[in-house]
Amino acid sequence: IVAAAAGRPAEADAFFARAVAQGPSLSKAEEAWSRALLDRGDAAGALREARSAVAKSLRWPDAHRAEGRALHALHKDAEAAKAYAAAAALTPNWGALDLDWGIALAAQGDRAAAMAKWRTAAALDLSPADRARLGALIKG
């Protein structure tokens with residue numbers, strides 16, 4: 001994860017591959033790898049790892065959110081919304097999830113549904129960065 005953050009993608013990929021090999025039934029490594037791949041613009045790779053994480057842990061909302069974020073990056077927003085719905089069914093009070101879900105809904109042209117998700121997100125705990133992003137989306 002540190003290598004990914006430091007801009008050393010080959011080193012990060014090697015680390016993630018080792019982590020997956022060491023815990024083949026655990027999904028955390030794939031979910032983290034998905035986030036790292038998405039951060040560097042590899043949405044297809046992010047989706048591959050997120051779907052692997054979901055397959056291993058159907059009841060882990062972070063994996064579903066990672067899948068939704070990768071799908072959104074690939075402009076598959078209807079599928080992204082379904083992934084966010086799956087995550088919300090497991091963790092209904094997650095502000096960052098509602099923020100992302102609203103973004104996918106807005107990308108589909110459903111501004112009213114997006115605003116409803118964003119109002120829900122605003123009432124929940126958000127990081128300062130997510131709260132700023134939410135403010136910009138509501139104004140926009």
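**Packed helices and a few side chains**

Biologist: What does K28 count as at 45% relative accessibility?

Modeller: K28 counts as partly exposed at that value. Buried means under 20% relative accessible area, exposed means over 50%, and partly exposed is in between, with a 1.4 Å probe and protein chains only. This is a predicted model, where local features need pLDDT of at least 70 and side-chain atom pairs count only at pLDDT 80 or more, while totals for chains, interfaces and linings use all residues. Residues are numbered from 1 along each chain as its sequence is written, and side-chain values use heavy atoms, with hydrogens and water left out.

Biologist: Where is K28 found?

Modeller: In helix 3, which covers residues 28-39. Helices are DSSP runs of H or I with at least four residues, strands are runs of E with at least two, and both are numbered from the N terminus.

Biologist: And what does K28 touch, not counting residues up to four places away in sequence?

Modeller: R35 and W60. Contact means heavy atoms within 4.5 Å. K28 and W60 are 32 residues apart in sequence, and their C-alpha atoms are 9.4 Å apart in space. The K28 side chain also makes a polar contact of 3.2 Å with the side chain of E31. A polar contact is a pair of N or O atoms within 3.5 Å; within protein, one must be able to donate a hydrogen and the other to accept it, and residues adjacent in sequence count only if both atoms are side-chain atoms.

Biologist: What about E30, buried or exposed?

Modeller: E30 counts as buried because its relative accessibility is 2%. Its side chain has a polar contact of 3.3 Å with the side chain of S52. Leaving aside neighbours within four places in sequence, E30 is in contact with V20, E49, A50, S52, A53 and K56.

Biologist: Which side chain does S27 pair with?

Modeller: That of S57, through a polar contact of 2.7 Å. S27 sits in the loop between helix 2 (9-22) and helix 3. S27 is buried, at 6% relative accessible area.

Biologist: Switching to helices: at what angle do helix 6 and helix 7 pack?

Modeller: About 155 degrees, with the axes 9 Å apart. That makes the two helices roughly antiparallel. Angles under 35 degrees count as roughly parallel, over 145 as roughly antiparallel, 65 to 115 as roughly perpendicular, and the rest as oblique. Axes are lines fitted to C-alpha atoms, for helices over the stretch in contact, and angles run from 0 to 180 degrees between N-to-C directions.

Biologist: Which residues make that contact?

Modeller: Among them are Y84 of helix 6 and W101 of helix 7. By class, the contact has 11 nonpolar, no polar and 2 charged residues. Ala, Val, Leu, Ile, Met, Phe, Trp, Tyr, Cys and Pro count as nonpolar, Asp, Glu, Lys and Arg as charged, and the others, Gly among them, as polar.

Biologist: How do helix 5 and helix 7 cross?

Modeller: At roughly 30 degrees, with axes that come within 11 Å. Helix 5 and helix 7 are therefore roughly parallel. R65, R69 and H72 of helix 5 meet A96, L97, D100, I103, A104 and A107 of helix 7. That contact has 5 nonpolar, 1 polar and 3 charged residues.

Biologist: Last one: where does H75 lie?

Modeller: In the loop between helix 5 and helix 6. H75 is exposed, at 69% relative accessible area. Its phi is near 65 degrees, a positive value in a residue other than glycine.
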